[in-house]
Every structure is written in structure tokens, then in C-alpha cells.
Amino acid sequence: MTDTPVPQNKSESSGEADNVVTVTGLQKSYGDNHVLRGIDFTVAAGSVTTIIGPSGSGKTTILRALNALDVPDGGQITIGDVTVDFGKTVPKSQLVIYRAQSGMVFQGHNLFPHKSVLENIIEGPVIVQKRKRDEAVADAEALLIQVGLSDKRDQYPHQLSGGQQQRVGIARALALKPRLMLFDEPTSALDPELVGEVLGVMKDLATQGWTMIVVTHEIHFAQKVADQVLFADGGIVLEQGPPAEVLSKPKHQRTKQFLRRILDPV
Ligand SMILES: Nc1ncnc2c1ncn2[C@@H]1O[C@H](COP(=O)(O)OP(=O)(O)O)[C@@H](O)[C@H]1O
Ligand SMILES: [Mg+2]
């Protein structure tokens with residue numbers, strides 16, 4: 001529940017330390033396609049940010065920059081206490097540390113098909129983080145309880161529904177204990193009746209105080225769970241603020257048009 005939203009502007013109290021994410025002047029081109037044209041935003045600790053915007057507006061590119069899956073061309077990103085200046089050449093060792101700050105849940109699950117649910121979850125902790133297998137298994141079992149899938153521990157992805165696969169994907173990202181969780185349209189590939197179980201898990205994470213950035217077209221989720229909404233359009237964040245402003249009283253014509261198309265598509 002977000003009855004008491006995390007204050008978005010804490011600069012008068014203890015300053016930037018309250019922000020888990022600070023993005024400044026983020027730029028990214030693919031060839032001639034100037035996709036991100038100076039993205040700026042901050043994310044307060046323990047808050048939920050949703051990014052909405054038209055297809056092709058760069059939402060995925062923003063998340064991929066936050067997770068260093070693609071390296072931006074310019075701008076700065078701070079996640080936790082790691083700052084990367086993409087205007088300079090970033091050493092690989094620094095990118096590895098930076099990437100470990102965030103966990104990503106993708107549009108379609110991308111679980112290893114030949115590994116069981118448990119093996120999928122412990123892969124990162126054991127192989128990447130070199131944690132003890134026993135500990136990783138104990139953590140994974142706790143995460144499976146959290147996402148409501150204890151009984152699926154030894155099953156394989158193809159034996160699960162799309163919603164269950166996405167919940168495993170969430171558990172797998174959480175297993176790496178990131179500072180920040182990123183979700184790229186995690187329910188958009190699901191049958192409608194499976195959307196709720198995934199959003200429910202995400203809402204629980206928000207309640208537990210996870211810092212989250214969620215690209216989604218689930219406006220009701222944004223309304224109920226988000227502390228701030230960013231509207232991405234034309235390579236910038238055109239409008240940002242609490243859901244009661246951006247979703248209910250959008251200032252820009254483009255935001256109004258977009259919301260109308262989403263909420264009333266026919
Ligand atoms: N790997 C890539 N190579 C070339 N162009 C890309 C790549 N990824 C994204 N793009 C382009 O960047 C733009 C923004 O894409 P994306 O971030 O996926 O938008 P959104 O998630 O908002 O739909 C689109 O024009 C897309 O075609
Ligand atoms: Mg996308």
C-alpha cells in the first residue's frame with residue numbers, strides 16, 4: 001500500500017542520499033536514430049516509479065541503460081553509491097559493479113529452459129556471485145514462498161503458466177539482492193487472467209520497500225502503486241509527477257492523447 005507515498009523531493013532533508021537513482025542527461029542513439037535525447041529523473045529510496053509512453057519512445061532503452069545491457073552514449077547514472085559517467089569510456093570492471101546494482105525482469109520470461117525453477121534462481125548467486133550453494137538454495141526457497149511458487153521448485157519452465165514463469169523471473173532477479181528492481185512490461189505478453197498474479201507480487205515488493213522502476217501500460221497499477229509516473233515521449237521525459245497529477249491531470253497534450261488511447265482504445 002502506498003497510503004503514505006515516499007516524498008519525492010527530499011533535498012531539504014538529507015539530500016541525494018535519499019535517492020537510489022539519479023539519471024542526468026542520458027543520451028542514446030542507434031545509428032541515426034537519436035532515441036534518448038537527455039533523460040533526467042530521480043528515484044527515491046523505497047519508491048515505485050512507472051514509465052509510460054508510446055511504443056518506440058525509448059522506455060526499454062532507459063531500462064537497458066540502467067542495467068548496462070546497452071551502454072548509453074552520454075549522461076550520468078547513479079544507482080546506490082555507484083556513479084557512471086557515460087560521456088567517458090567506462091572501464092569494464094566499473095560496468096560490472098554498476099550492473100550488479102539492478103535486477104531486471106523482462107517482457108517475456110527468459111528463463112533457462114533446461115534448468116529447473118530452483119536452478120534458474122540459484123544460477124546467478126552461485127555462478128556470478130560465487131555464493132555457497134546451500135545458502136543460495138535456502139534464499140531461493142524463501143523467494144519461491146514470496147512469489148507463491150514453493151510447489152514448483154523442481155519443475156521446468158515449460159511446465160509453468162506464463163504468469164508463473166514471470167514470477168520465477170522476478171524471484172531470479174531478486175536472488176541477486178539488487179539495490180533496484182527494473183521491470184520492462186512484465187505483464188504485456190501474458191493472457192489477461194494471468195496479469196493480476198504478477199502485478200500482485202510486484203505490489204508486495206513495493207510494500208516491502210523495494211525500489212522499483214516499472215515500464216507498464218497497466219495504468220491502474222501505476223495509479224495504485226506508483227509514487228511517481230514518468231511520461232516518455234520523443235526521447236525525453238515530457239512529464240513527471242505523482243500519479244494523481246500525471247495520470248489524472250496531465251498537463252501536456254501528448255500525455256492526454258496517450259492516456260486516452262490506452263484507457264479508451266476503441
Ligand atoms: N538494439 C537496437 N538497435 C537499433 N535500434 C534499436 C535497438 N533497440 C531499440 N531501438 C530503437 O530505439 C527506439 C526506442 O526503442 P525502445 O526503447 O525499445 O522503445 P519502447 O520500449 O518505448 O517501445 C525504437 O525506434 C527502436 O527501434
Ligand atoms: Mg519496450
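Let me begin with a definition: contact here means heavy atoms within 4.5 Å, and helices (H or I, at least four residues) and strands (E, at least two) are DSSP runs, numbered from the N terminus. What we are looking at is a predicted model, in which local features need pLDDT of at least 70 and side-chain atom pairs count only at pLDDT 80 or more, while totals for chains, interfaces and linings use all residues. Residues are numbered from 1 along each chain as its sequence is written, and side-chain values use heavy atoms, with hydrogens and water left out.

I will take the whole chain to start with. Its secondary structure comes to nine helices and 10 strands, and its C-alpha atoms fill a box of roughly 50 × 50 × 45 Å along the principal axes. For 266 residues, a compact globule would have a radius of gyration near 18 Å, and the chain agrees with that, because its own value is 18 Å; the radius is taken over C-alpha atoms, and the globule rule is 2.2 Å times the number of residues to the power 0.38. Of these residues, 50% count as buried, where buried means under 20% relative accessible area, exposed over 50%, and partly exposed in between, with a 1.4 Å probe and protein chains only. Among contacts between residues at least 6 apart in sequence, 64% join residues at least 24 apart.

Now to helix H9, residues 253–263, in which Thr255, Phe258 and Leu259 are buried. They cover an arc of only 95° around the axis, which puts them on the same side of H9, the arc being that of the directions from the helix axis to the C-beta atoms.

Helix H8, residues 243–246, holds Glu245, which counts as partly exposed because its relative accessibility is 36%. Leaving aside neighbours within four places in sequence, Glu245 is in contact with Pro250 and Lys251, and its C-alpha lies 8.8 Å from that of Val229, 16 residues away in sequence.

Finally, I turn to a loop residue: His114 is found between strand S6 (102–105) and helix H3 (117–128), and is exposed, with a relative accessible area of 57%. The C-alpha atoms of His114 and Pro157 are separated by 8.0 Å, although the two residues are 43 apart along the chain.

Terms used:
Chains are lettered from A and ligands numbered from 1 in the order in which they are written.
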